[in-house]
Amino acid sequence: LTPRVSVTPPVNSVDTLEEDEGDQSGSQGSGVGKGGDLSTSEKARLAKEYDLKSMLAKCIGLVDSCLDEAVPQQYPDTIHAAMRHSLLGGGKRIRPALCLAAFELVHEVTAGEADDDVDVLKRSFLLRKCMPTACALEMIHTMSLIHDDLPCLDNDDFRRGKPTCHKVYGEDMAILAGDALLALAFEYIARETKDVSPERVLRVITEVGRCVGSRGLVGGQVVDIQSEKKKMGKEEGLKTLEYIHEHKTAVLLEASVVSGAILGGASEEQVELLRGYARDIGLAFQVQDDILDVTASTEELGKTAGKDLLSEKTTYPSLLGLEKSREIADSLIEDALGKLSSFDYEKSLPLLLLAKYIVARSN
């Protein structure tokens, strides 16, 4: 029996796996292997048996616990209360889940880690090596939501069914809370990541930094603002929309998956395959958001529905209609799944099912 800690599935206990000595190629190592050896029916059975809902619930619990510890309530009271209000105010934690799943897909368990069965939650290789980055990505995502909700941008009063940060603490504190979370994210990766080479940590910091700046999230936000109420033809509208979605949304999902892969020791070929997977699901994520803005209620979304229509934003449904938008989202997910085909099927199930969840979600 080999004790092993996993976030996908259970994270709150040691997973005890009994491995066949004759075939251990799919349970450890590079993450590339048994996928091609399984029949379609075997893959269908494994996918059906995998409990994504349970995995996400346990992942949320673990990530929330780490975030609570990372941002304690302290002096100055107001700024930390504002940070915690948005950071710990719920959420699907998709970005940490993707980061952790990518890490586990490629990470090779060492003999020392296999024996790591004492104080599992504090000493596990997953928490030492990958959780700091997973938490940092959620800090950055939260920063982007705080700033996006401000009156000068999307001017939204609700997020995740609760008053937005600026509605509770004022615009000044909301701006500063977002700034503080962004700064803390990079500090947290550098300070808390353990047992990973400095070269890998530096590469992750570079990857995450690139996704936030003027060629990433900020750039996408700028083009989004400048495109409001702008009359564009279909071709120009689609090109602009793809740029916005790739940079406002997909780029952070890409950083999540790629960072997890880098920390897990992925090869360059694996990193690029996973980068392509992340770009596809990132664009599909935003297409689905566009669809939900039209089809879901404010109660279902946890934020004001129909805002894109009211602000005359260019969206996939406004350009192509709902049916074509759904086709595009489905096609992107199909492309993403194809990029995982060379990896071990069982180890890639979290990423496979997270991709499908992205277009099936209702909020």
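Predicted model: local features only at pLDDT ≥ 70, side-chain atom pairs only at ≥ 80, totals over all residues.

**Exercise 1: A peptide bond to spot**

Solution. 
- Step 1: read omega between Y75 and P76; it is about -5°, and the bond is cis.

**Exercise 2: Helix α8**

Task: work out how the length of α8 compares with the expected span, and whether its residues are buried or exposed.

Solution. 
- Step 1: α8 runs over residues 131–148, which makes 18 residues.
- Step 2: from first C-alpha to last, α8 reaches 26 Å, close to the 26 Å expected at 1.5 Å a residue.
- Step 3: now the cover. Of the 18 residues in α8, 18 are buried, so the helix is mostly covered.
- Step 4: take E138 as one of them; its relative accessibility is 1%, and it counts as buried.

**Exercise 3: Salt bridges across the chain**

Task: how many salt bridges does a search of the whole structure find, and what do D64 and R93 tie together?

Solution. 
- Step 1: the search gives 23 salt bridges.
- Step 2: pick D64 and R93. Their closest N and O atoms are 2.8 Å apart.
- Step 3: D64 lies in helix α2 (residues 52–70) and R93 in the loop between α3 (77–87) and α4 (94–106), so this pair links parts that are 29 residues apart in sequence.
- Step 4: compare the cover of the partners. D64 is partly exposed at 25%, while R93 is buried at 2%.
- Step 5: go back to E138, whose side chain meets that of R160 in a salt bridge at 3.7 Å, N to O. E138 is in α8 and R160 is in the loop between β3 (158–159) and β4 (162–163), so parts 22 residues apart in sequence are tied together.
- Step 6: R160, for its part, is partly exposed, with a relative accessible area of 25%.

**Exercise 4: What does R361 do with its charge?**

Task: find the salt-bridge partner of R361 and the ring that its charged end sits over.

Solution. 
- Step 1: R361 pairs with D289, with the closest N and O atoms 3.0 Å apart.
- Step 2: R361 lies in the segment after α18 (345–360) and D289 in helix α13 (residues 268–295), so the bridge joins parts 72 residues apart in sequence.
- Step 3: R361 counts as buried, at 5% relative accessibility.
- Step 4: find F285. The charged end of R361 sits over its ring, 3.8 Å from the centre.
- Step 5: look for another charge at that ring. The charged end of R95 also sits over F285, 5.5 Å from the ring centre.

**Exercise 5: The surroundings of V63**

Task: is V63 buried or exposed, and which residues does it touch?

Solution. 
- Step 1: V63 is in helix α2, and its relative accessibility of 0% makes it buried.
- Step 2: leaving out residues up to four places away in sequence, V63 touches R93, P96, L100, M131 and C135.

**Exercise 6: The whole chain**

Task: how many helices and strands are there, and what share of the residues is buried?

Solution. 
- Step 1: the protein chain has 18 helices and 4 strands.
- Step 2: of its 363 residues, 50% count as buried.
- Step 3: the chain exposes about 16400 Å², with 51% supplied by carbon and sulfur atoms.

Note on methods. Residues numbered from 1 in each chain as written. Heavy atoms only, no water. Helix = DSSP H or I, 4+ residues; strand = E, 2+ residues; numbered from the N terminus. Expected span 1.5 Å × (residues − 1). Buried < 20%, exposed > 50% of the residue type's maximum accessible area, 1.4 Å probe, protein only. Salt bridge = Lys/Arg side-chain N within 4 Å of Asp/Glu carboxyl O. Lys NZ or Arg CZ within 6 Å of the ring centre and 35° of its normal. Areas by Shrake-Rupley, 256 points an atom, 1.4 Å probe, with all protein chains shown as cover. Contact = heavy atoms within 4.5 Å.
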